[in-house]
Amino acid sequence: MQNSSSVRLLRRAALGCAVAVSFALAGAGTTASAATGAGAQAAPANAPSAAIAHSAATYGRTVALTFDDGPGPFTGQVLDLLAQYHAQATFCQIGNQAAANPALVKRILADGHRLCDHTVDHPQPMSTLAYTTQFQEITAAKKMISKAGGPGTLIRWFRAPGGDFSPENRRIAVQDGLRPLGWTVDPRDWSRPGVASIIATVKRELRPGGVVLMHDGGGNRSQTVAALRELLPWMTGQGYRFSLPES
Ligand SMILES: [Zn+2]
């Protein structure tokens with residue numbers, strides 16, 4: 001008897017705590033709405049930071065690998081290599097391509113990776129587009145990627161095409177629950193500078209907590225795949241652990 005009433009008391013206490021928290025969040029939301037004034041839409045109380053993420057989520061000798069512009073014909077090879085080295089990565093996907101390749105989106109999730117919104121069709125430059133166009137690019141892509149991934153698909157980041165972030169598109173992203181995602185290492189693999197160049201840039205510029213930008217889509221990515229084949233064992237050999245970006 002004593003045990004079960006203790007449990008009931010604990011349950012009541014936990015419920016009371018949850019209610020208090022939700023009141024606090026509602027209060028914070030109201031204050032934020034009032035403070036931002038007419039016309040401006042406040043971010044939800046549990047919205048991610050609008051600051052561009054430039055580091056891995058976990059401290060120490062970690063690296064967050066990110067792959068942009070897919071899914072596409074080279075995504076499968078990237079996934080095979082990541083699986084071989086038990087490496088987790090984040091895929092910044094183009095909405096149209098996710099919609100066209102739902103099986104690849106599902107495989108990315110099944111392999112334990114995470115997803116990032118990289119707009120519907122990769123407009124560049126993005127920040128000079130009308131607000132409504134930027135809004136559509138971000139929010140519709142999130143829906144397309146979610147639909148391709150299936151029920152329960154979680155998308156936690158937004159990366160502007162070419163890194164063209166602005167206060168406006170970051171605010172749209174945050175209001176849609178997405179943290180802007182940058183990078184610290186850019187081997188410019190999209191320009192196909194040669195496998196050796198991609199490898200050398202990553203080895204030279206990677207520091208603990210770094211975010212590496214590479215591409216599984218947007219063209220022939222055989223150089224990226226070949227570089228990754230050498231970089232993954234190198235990272236492991238250097239003591240790096242694979243992490244998600246901060247969110
Ligand atoms: Zn891109």
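**View 1. Contacts across the whole chain.** Among contacts between residues at least 6 apart in sequence, 78% join residues at least 24 apart; two residues are in contact if their C-beta atoms, placed from the backbone, lie within 7 Å. The protein has 8 helices and 7 strands, taken as DSSP runs numbered from the N terminus (H or I, at least four residues, for helices; E, at least two, for strands). Of its 247 residues, 38% count as buried. Here a residue is buried if 20 or more other C-beta atoms, placed from the backbone, lie within 10 Å of its own C-beta, exposed if 12 or fewer do, and partly exposed in between. Please keep in mind that this is a predicted model: local features need pLDDT of at least 70, side-chain atom pairs count only at pLDDT 80 or more, and totals for chains, interfaces and linings use all residues. Residues are numbered from 1 along each chain as its sequence is written.

**View 2. Helix α5 against helix α6.** Helix α5 (residues 131-149) packs on helix α6 (residues 167-175) at an angle of about 40 degrees, and their axes are 10 Å apart. That makes α5 oblique to α6; angles under 35 degrees count as roughly parallel, over 145 as roughly antiparallel, 65 to 115 as roughly perpendicular and the rest as oblique. Axes are lines fitted to C-alpha atoms, for helices over the stretch in contact, and angles run from 0 to 180 degrees between N-to-C directions. From α5, Tyr-131, Gln-134, Phe-135 and Ile-138 meet Glu-168, Asn-169, Ile-172 and Ala-173 of α6. By class, this contact has 5 nonpolar, 2 polar and 1 charged residues (nonpolar: Ala, Val, Leu, Ile, Met, Phe, Trp, Tyr, Cys and Pro; charged: Asp, Glu, Lys and Arg; polar: the others, Gly among them).

**View 3. The buried face of α6.** Asn-169, Arg-170, Ile-172 and Ala-173 are buried in α6. Seen down the axis of α6, its buried residues fall within an arc of 160 degrees, so they line one face of the helix; the arc is that of the directions from the helix axis to the C-beta atoms. Their cover includes α5, β4 (155-158) and β5 (179-180). After α6 comes Gly-177, with a positive phi near 80 degrees.

**View 4. Helix α4 against helix α5.** Helix α4 (residues 102-110) and α5 pack at about 75 degrees, with axes 7 Å apart. The two helices are therefore roughly perpendicular to each other. Pro-102, Val-105, Lys-106 and Leu-109 of α4 make the contact with Ile-145, Ala-148 and Gly-149 of α5. These residues divide into 5 nonpolar, 1 polar and 1 charged.

**View 5. Around Cys-116.** Look for Cys-116 in strand β3 (residues 114-117). Cys-116 counts as buried because it has 25 C-beta neighbours inside 10 Å. Not counting residues up to four places away in sequence, Cys-116 touches several residues, among them Thr-90, Phe-91, Ile-155, Trp-157 and Leu-181. Leu-178 is 62 residues away from Cys-116 in sequence, yet 8.2 Å away in space, C-alpha to C-alpha.

**View 6. Backbone details in the loops.** The peptide bond from Gly-70 to Pro-71 is cis, with omega near 0 degrees, and Pro-71 lies in the loop between β1 (62-70) and α2 (75-84). Another cis peptide bond joins Gln-124 and Pro-125, where omega is about -5 degrees. Pro-125 belongs to the loop between β3 and α5, and Thr-119 lies in the loop between β3 and α5 as well. Thr-119 is not a glycine, but has a positive phi of about 75 degrees.
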